[in-house]
Amino acid sequence: MSDIILSVNGIKKSFGGVHALRGVDINIKRGETHCLAGENGSGKSTIIKVISGVYKPDAGNITIDGSEYSEMTPQEAIRSGIQVIYQDFSIFPNLSVIENLAFNQVLANKQKLVNRKEFRKVAEEAVEKIHFSVDLDARVETLPVADKQLIAISRALLDNAKLIIMDEPTTALTKNEVGRLFEIIEDLKKNGVTILFVSHKLEEVFELSDTITIFRNGENVISMPTSEINEEKFTYYMTGRKFDKEEPKAARMFSEVVLEAKNLSAPGFEDVNFKLHKGEILGVTGQLGSGRTELSLALFGMLKKTAGETLIEGKEVDISSVQIAQKNGLALVPEDRLTEGLFLPQSIIRNITVSKLGKLAGKMGIISEKTLEEESSDWVGDIGVATKDHTLPVQTLSGGNQQKVVLARWLSMSPRVLILNGPTVGVDIGAKYDIHRLLRELALQGMAIIVVSDDVSEVLATCDNVIVMQGGRVTGYISGQDLNTDSLAQAIQ
Amino acid sequence: MKIKKSQPDGNMIRLLAILAAFIFIAGITKPALFMQLGNFQSIGKQLAEYGLMALGIGVCMISGGIDLSAVYIANLCGISAGLLMQKMIPAGGSNPGAMFLSIAAAIVIGALCGAFNGFLVSKLNIPAMLATLGTYQLYMGIAVVITNGSTVSGLPSAYTALGTALVAKVPLAFLIFLLAVLILSFIMQKTIFGTRVYLVGTNPKSARFSGIRNSSILIRTYMISGIVAAIAGLVSLARINSAKADFGSSYTMQCILIVVLGGVNPNGGFGKISGVAVAVVILQVLSSYLNMFPDISNYFRDLIWGVALIAVLIINHVIAKRRIAKLDSV
Amino acid sequence: MKYFDQLKKQSEFYVFLIIILLGIIIQMRSGLFFTNNNLLDIARSMIVPSIYAICAFLAFLSTGPDVSFPLIAALSSYIAIDVTTKMGYAGPVIVTFIIGIFFGMLMGALNGFIIVRYKFPSLIVTLGTSTIYSGLLLGAFEAQRMDLPENLADFGRTSLMTVVNQKSGLGSTLPMTFLIMAGLYILTYLVLNFTMTGRGVYALGGDEVSAERAGFNVKQIRFGIFLINGAIAAIGGLCYSIMSMRYLPTEFAGGEMIVIAAVILGGTRMTGGVGTLKGCILGTLLLTMVSNSLILAGVAVIWQRVFIGMIIIIGTAVSALQGRSSAKVSHKPRKEAA
């Protein structure tokens with residue numbers, strides 16, 4: 001039995017002119033935990049789909065446990081012992097836990113009839129493997145995210161999977177849930193299961209993996225034991241550039257209070273107090289479920305408050321709608337740009353000018369295309385959106401550029417307070433640094449900014465002071481001088 | 001940033017080409033009947049009713065919804081205007097003031113019906129197809145109740161004269177349709193409201209986050225559909241000198257087909273009023289042309305229409321696919 | 001207790017309560033609702049709409065609205081009846097049905113092909129094909145009113161059950177077509193719940209991408225649904241003609257809206273993946289009761305539509321307010337340049 005459980009050689013894959021994979025080789029050793037890292041667009045998601053049979057490669061082959069395949073189907077991949085856990089877990093929200101667990105195996109065995117007793121047995125066996133207790137008859141859509149992921153993992157283990165592939169497994173989990181996941185992965189390791197996980201989070205890479213492979217631009221840039229890599233090399237291989245580590249901000253003093261919250265409560269959080277000053281970047285951090293997102297929504301009028309007050313430049317304002325928030329100079333770059341921020345098939349012009357239509361229009365609400373184009377043109381240039389033609393749909397842009405479009409939209413309104421929720425999620429490192437730099441500049445020019453984020457390095461690089469939230473309440477406040485990795489990490493515990 | 005000159009609208013070109021082709025074929029095969037002023041006048045007159053409703057449904061579709069109740073709003077408004085005129089104007093008499101009032105009342109009723117639709121869709125979050133399915137029954141039901149199931153007829157000749165009126169040899173009904181096309185086109189293309197309708201139709205969540213008041217936009221959208229339907233009902237009333245609760249039940253599906261053929265994306269966010277207008281004309285030209293063959297039943301038009309729709313959808317699909325593939329390689 | 005809790009979560013339960021409530025009200029006002037002849041009348045009126053409901057149900061479950069079943073019913077039953085009459089065929093009714101089913105499936109296949117191949121919205125595609133079938137029926141074939149061939153007429157005259165109400169002297173019969181409806185429901189129930197293909201329909205409606213990844217042949221299943229819909233529509237059309245004792249081509253169009261309303265009221269989600277056959281029956285029963293029996297409660301016939309409209313509006317509003325009508329897994333649109 002060879003050492004290598006999975007190897008892909010010379011895999012190429014293009015989508016209408018875009019070369020997602022340019023001849024990729026990977027070798028995964030039996031029993032190891034292998035991390036696949038890379039930026040958005042590096043090809044890491046594509047190679048996973050080739051291995052699992054969702055995509056057929058244009059060239060190259062896959063060898064699993066000695067058997068060579070030039071192409072795969074999902075069912076064959078499953079039969080060869082490969083199980084993939086996608087970011088959305090591939091579950092059926094409308095079906096029971098039992099059916100979610102049993103289907104893959106039943107289909108792979110080409111069974112035609114439904115035998116509920118058998119399904120139940122299969123399901124019980126599956127959840128036993130990771131000691132997961134759950135109501136088997138519950139409809140999956142009623143369960144929390146972490147449970148859905150455990151269902152996906154249980155299902156993957158059913159078939160005595162030889163290789164489990166996990167795509168960004170910790171994205172939707174709270175810290176506790178991440179801990180539980182890590183324990184399960186350790187368990188799997190002990191039982192000799194080979195794991196390949198995709199991630200861009202350094203902490204995970206170091207904690208879990210034995211070997212790391214880094215993709216860039218559709219190519220395997222390097223594969224090496226994790227013990228030999230450090231943060232600098234990691235960033236270098238991922239981006240091809242050397243970045244100076246972002247300097248933590250120098251402590252600054254502020255005077256004018258622009259936005260104040262007093263005992264503010266809304267669905268998801270209660271009794272929040274803070275003062276935001278002109279020129280200050282205030283961080284709001286905490287795990288998933290801490291109420292940080294709800295706070296940003298309430299400040300922007302998307303969520304109605306249940307108690308407390310918000311004061312803007314000293315005057316009490318009931319921010320009961322987005323329109324009122326806008327009128328008072330507030331702006332929000334939402335958490336999920338794809339579903340909440342952007343109008344994907346619409347042009348970049350429209351996406352940038354959408355919130356300013358009232359101001360850009362002439363008499364009687366009449367819009368001139370030229371005015372819109374000029375406005376958009378200005379911002380595309382100012383903020384650095386990489387595109388040659390802003391009449392193209394915004395979905396043609398990369399994640400980082402899309403985020404810049406949303407930013408441009410709100411900056412064009414000259415807000416007093418700019419709130420950003422997860423400003424650089426899914427954004428490549430280059431754009432990430434650009435955005436951080438931009439925020440710091442804006443603050444220096446007097447804008448008050450709130451950055452809601454759980455990315456420690458981001459908080460350190462941008463924020464002057466930080467509010468820590470947990471379980472819907474503010475549990476800590478870290479000010480300038482005291483702000484560093486340790487104090488932050490401790491506070492988020 | 002160099003500002004690119006706006007590209008000619010591919011879909012519009014295809015539609016105009018189809019229209020030109022039909023007129024050409026008709027002109028060649030039935031020159032005596034088709035290439036007559038009378039024929040064109042007839043075409044213009046007949047397309048006004050369902051054409052107006054198609055415009056309204058088109059706007060609703062662009063906003064991400066649909067209006068299945070349009071025909072019944074039209075009927076209800078026509079019936080209301082008819083009943084009012086019957087009450088206020090003695091048989092054989094004339095009273096322009098009362099006529100005007102009845103017309104105004106009908107339009108108000110249309111606006112209210114539309115607003116109710118918009119309310120259900122935006123404030124109660126009922127999917128548009130279901131909401132307007134319910135209101136279609138409701139409005140038809142109300143129409144049945146106020147007419148006691150019978151037909152409203154016997155309208156003042158001054159009003160029915162409008163149904164056949166010509167302005168510089170162009171049927172009044174067609175002018176009304178044209179006016180509606182121009183106004184709606186302008187609203188959708190050149191105003192803040194119109195742009196917001198497109199955006200709400202593309203992604204209602206992002207629309208809210210970007211400061212758009214979705215319910216205000218949607219209520220107004222369905223009100224437009226209601227008002228346009230009311231006008232359609234009034235035109236119909238003038239032309240046939242009667243109004244019934246269940247008239248034109250096949251128009252709904254026909255209008256939806258016209259709208260999609262005209263380039264409106266059923267998922268919302270895209271499509272032009274001008275495209276819908278051209279599609280309406282194409283349908284009526286086809287209809288009138290087929291009418292000139294006494295052996296060919298009118299229903300053949302349905303057959304051709306259905307095939308044309310599927311064909312156009314496929315062609316648009318293939319073209320869009322090619323365009324995206326080209327973009328991918330940018 | 002757990003059973004009751006589960007019951008409360010299903011919208012079918014509430015529809016059931018409303019039906020009972022309505023029945024009681026009508027009974028109190030007329031004393032005629034829970035009579036054997038009235039109940040049988042309702043059962044008979046429900047036969048064809050219930051059959052159509054299966055079409056609407058399967059379509060919503062897996063894909064989206066299908067509005068072509070009335071016209072498929074019209075055209076396929078026309079062909080079946082015409083062929084049977086012209087051939088002077090007098091054998092078992094099943095043969096006529098098979099002819100109808102064959103053509104129904106052909107028409108359903110067109111729907112299935114276009115929807116699977118091009119992924120156009122099912123509402124628009126079925127609207128288009130519906131128009132084509134209408135054009136074929138009334139344009140190309142110039143279908144007219146037809147008398148039923150002997151075999152169908154005899155079948156129509158056979159009754160499953162006859163009752164006479166002792167007090168009022170009113171009678172009612174339940175035709176054999178009721179068995180066909182029951183049979184279709186049983187068959188559908190078995191397939192949906194006891195075969196993997198059936199579970200695949202639910203899976204596909206719940207999350208198409210996951211279904212594909214799990215190994216379901218999504219294309220085949222979807223095509224199959226529309227194929228089956230065609231067959232069921234054909235059966236419905238023939239039953240309708242049998243029960244009216246003649247064929248009339250113009251009576252079919254427009255029937256889809258009420259059926260869709262019934263199915264949705266019965267708890268089927270427009271977005272797919274959720275719904276039960278019993279919900280379809282309950283929804284159809286509710287709307288049939290309103291059309292048939294409301295008059296017993298003294299509600300004039302002209303108010304029926306208003307009633308139906310209000311029920312649909314209130315029913316869908318309640319559903320929407322409970323957040324039922326739109327829960328769907330949203331796959332993050334991968335709309336970034338790769």
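**Exercise 1.** Determine how far apart the centres of domain 1 and domain 2 of chain A lie, and describe where the two domains touch.

*Solution.* In this predicted model, the centres of the two domains of chain A, taken over C-alpha atoms, are separated by 34 Å. The domains span 4–239 (domain 1) and 257–492 (domain 2), with bounds from an automatic or database domain assignment, and residues are numbered from 1 along each chain as its sequence is written, chains being lettered from A in the order in which they are written. Nine residues of domain 1 are in contact with nine residues of domain 2 in chain A, where contact requires C-beta atoms, placed from the backbone, to lie within 7 Å. On the domain 1 side, helix α8 (residues 231–239) of chain A gives the most, with three residues; helices here are DSSP runs (H or I, at least four residues) and strands likewise (E, at least two), numbered from the N terminus.

**Exercise 2.** Work out which element of chain A gives the most to the side that touches chain C.

*Solution.* Begin with the contact itself, which takes 36 residues from chain A and 27 residues from chain C. The elements of chain A that give two or more residues include β2 (18–29), α3 (97–108) and α15 (399–411), and α3(A) gives the most, with six residues.

Terms used
This is a predicted model: local features need pLDDT of at least 70, side-chain atom pairs count only at pLDDT 80 or more; totals for chains, interfaces and linings use all residues.
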